[in-house]
2 protein chains.
Amino acid sequence: MSKIPVIEIFGPTIQGEGSVIGVKTMFVRTYGCDYRCAWCDSAFTWDGSAKDQVRMLEASEIVSELAALAAGNFEWVTISGGNPALIGQPIQELADQLHQLGIKVAVETQGSKWQDWFRSVDVLTLSPKPPSSRMHTDWSVLDRIIEQMPSGTSNLKVVVFDDEDYRYAKTVHRRYPDIPFFLQAGNSDVQEEGNISDRLLKKLNWLMDKVIADPDMNDARTLPQLHALVWHNKRGK
Amino acid sequence: MSKIPVIEIFGPTIQGEGSVIGVKTMFVRTYGCDYRCAWCDSAFTWDGSAKDQVRMLEASEIVSELAALAAGNFEWVTISGGNPALIGQPIQELADQLHQLGIKVAVETQGSKWQDWFRSVDVLTLSPKPPSSRMHTDWSVLDRIIEQMPSGTSNLKVVVFDDEDYRYAKTVHRRYPDIPFFLQAGNSDVQEEGNISDRLLKKLNWLMDKVIADPDMNDARTLPQLHALVWHNKRGK
């Protein structure tokens with residue numbers, strides 16, 4: 001495959017979560033996922049509901065589209081999905097072309113599959129999915145990814161909805177104690193319309209209280225999804 | 001002076017703002033400030049209203065108190081004020097003692113005064129105050145601080161309430177382009193009781209929209225105060 005299945009290109013917006021929370025970024029969202037998380041906030045990337053919006057694009061076409069949207073008004077591009085790790089060489093080309101323009105590349109993936117191009121990105125966020133997702137973590141694959149990443153380029157992020165998820169998060173943090181670790185309060189209803197910030201902040205408060213009481217989380221970082229707090233469940237923000 | 005004027009020691013809690021947003025930390029708040037910011041959220045550190053709560057403590061007494069509160073349950077201590085830069089050698093001793101215990105030290109100051117102990121802290125957040133504070137920035141002092149700090153240890157944070165503050169923030173970012181730069185949406189009423197998160201998120205949205213439209217802010221990071229979103233105007237959180 002020499003093209004990338006793209007379902008969304010948008011921005012600039014503000015990265016709402018994880019290790020580069022708050023930074024201005026463009027988003028490129030790839031289509032297709034090997035997971036079916038129960039609470040996925042981007043199910044349109046795999047459930048077929050938006051299949052007619054998918055375009056097969058070469059790296060250079062994506063770069064052109066980003067430039068047409070906002071040339072000169074961004075320094076970061078975030079590649080998310082779906083799972084962008086389902087795609088091989090074309091993303092290497094995309095990262096290379098962006099780097100040639102002085103643009104930094106962040107990628108988000110669940111860590112279920114290795115790609116050689118991981119080693120070229122500036123920030124690789126690995127977000128293995130907790131039990132509430134109903135997905136299963138392949139630890140040997142995750143081990144291999146973390147071992148192969150250049151020092152200082154990867155971070156782990158676990159979304160937490162309940163106590164069982166929290167225990168899973170501790171397992172992840174204990175397994176990879178040297179990788180920067182982020183806890184994220186989950187959004188339990190990604191369909192709800194209107195203002196959901198009070199609900200999200202209540203969940204964040206619950207998670208913070210657990211972390212505050214837990215000596216195993218002394219170097220974890222607990223964060224919300226800023227975009228969901230500010231823009232709620234709107235797509236393309 | 002061989003003692004530190006302390007008005008609060010509390011935690012663990014979650015760092016709500018800036019470059020280490022989300023991390024679990026203890027707080028040590030020093031008494032006294034050379035500034036009188038119009039919207040200060042800790043005016044009790046200088047307005048005399050809580051003067052009877054000030055204690056003169058040696059570094060070792062502070063370390064003991066932190067341990068009594070939460071030994072084993074924190075890896076970060078944040079020293080804030082007031083302006084901790086009004087205090088000299090005793091804070092060097094505090095930082096040294098904490099480091100000997102494997103604890104990291106973050107400091108927040110407006111950058112109006114240099115102290116040699118700045119070079120010993122893990123994270124120095126410099127938050128020069130915008131026009132809405134009615135304070136005046138001494139650029140030569142700030143220049144000197146930034147020049148003297150070890151590479152990678154300092155960051156800049158500007159609180160923004162209005163357009164004039166935003167222009168000031170741009171001046172700061174342009175003057176120190178290589179220092180990580182954080183924009184923070186201001187809390188315009190630090191006395192308001194009850195749930196203030198909608199008001200704060202509206203201001204954050206306003207600030208994000210400005211950043212999104214502004215090519216001068218491509219590598220800035222725009223953040224809220226998480227503690228104010230979750231715990232509102234409560235003190236000691």
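**Interface between chain A and chain B**

In this predicted model, 40 residues of chain A are in contact with 40 residues of chain B, contact being heavy atoms within 4.5 Å. The interface residues of chain A are 100% shared with those of chain B, so the copies meet through the same surface.

**Area and polar pairs**
- About 3,100 Å² is buried between chain A and chain B, 58% of it on carbon and sulfur atoms; buried area is the accessible area (1.4 Å probe) lost by two parts on being put together, summed over both.
- Between the chains there are 23 residue pairs in polar contact, both residues at pLDDT 80 or more (N or O atoms within 3.5 Å; within protein, one able to donate a hydrogen and the other to accept it, and residues adjacent in sequence counting only if both atoms are side-chain atoms).
- Zero salt bridges are counted between chain A and chain B (a side-chain nitrogen of Lys or Arg within 4 Å of a carboxyl oxygen of Asp or Glu).

**Elements on the chain A side**
- Strand E1 (4–14), helix H5 (197–212), strand E9 (221–223) and helix H6 (226–231) of chain A each supply at least two residues to the side touching chain B; helices (H or I, at least four residues) and strands (E, at least two) are DSSP runs, numbered from the N terminus.
- H5(A) gives the largest share of that side, nine residues.

**Basis**
- Residues are numbered from 1 along each chain as its sequence is written, and chains are lettered from A in the order in which they are written.
- Local features need pLDDT of at least 70, side-chain atom pairs count only at pLDDT 80 or more, and totals for chains, interfaces and linings use all residues; side-chain values use heavy atoms, leaving out hydrogens and water.
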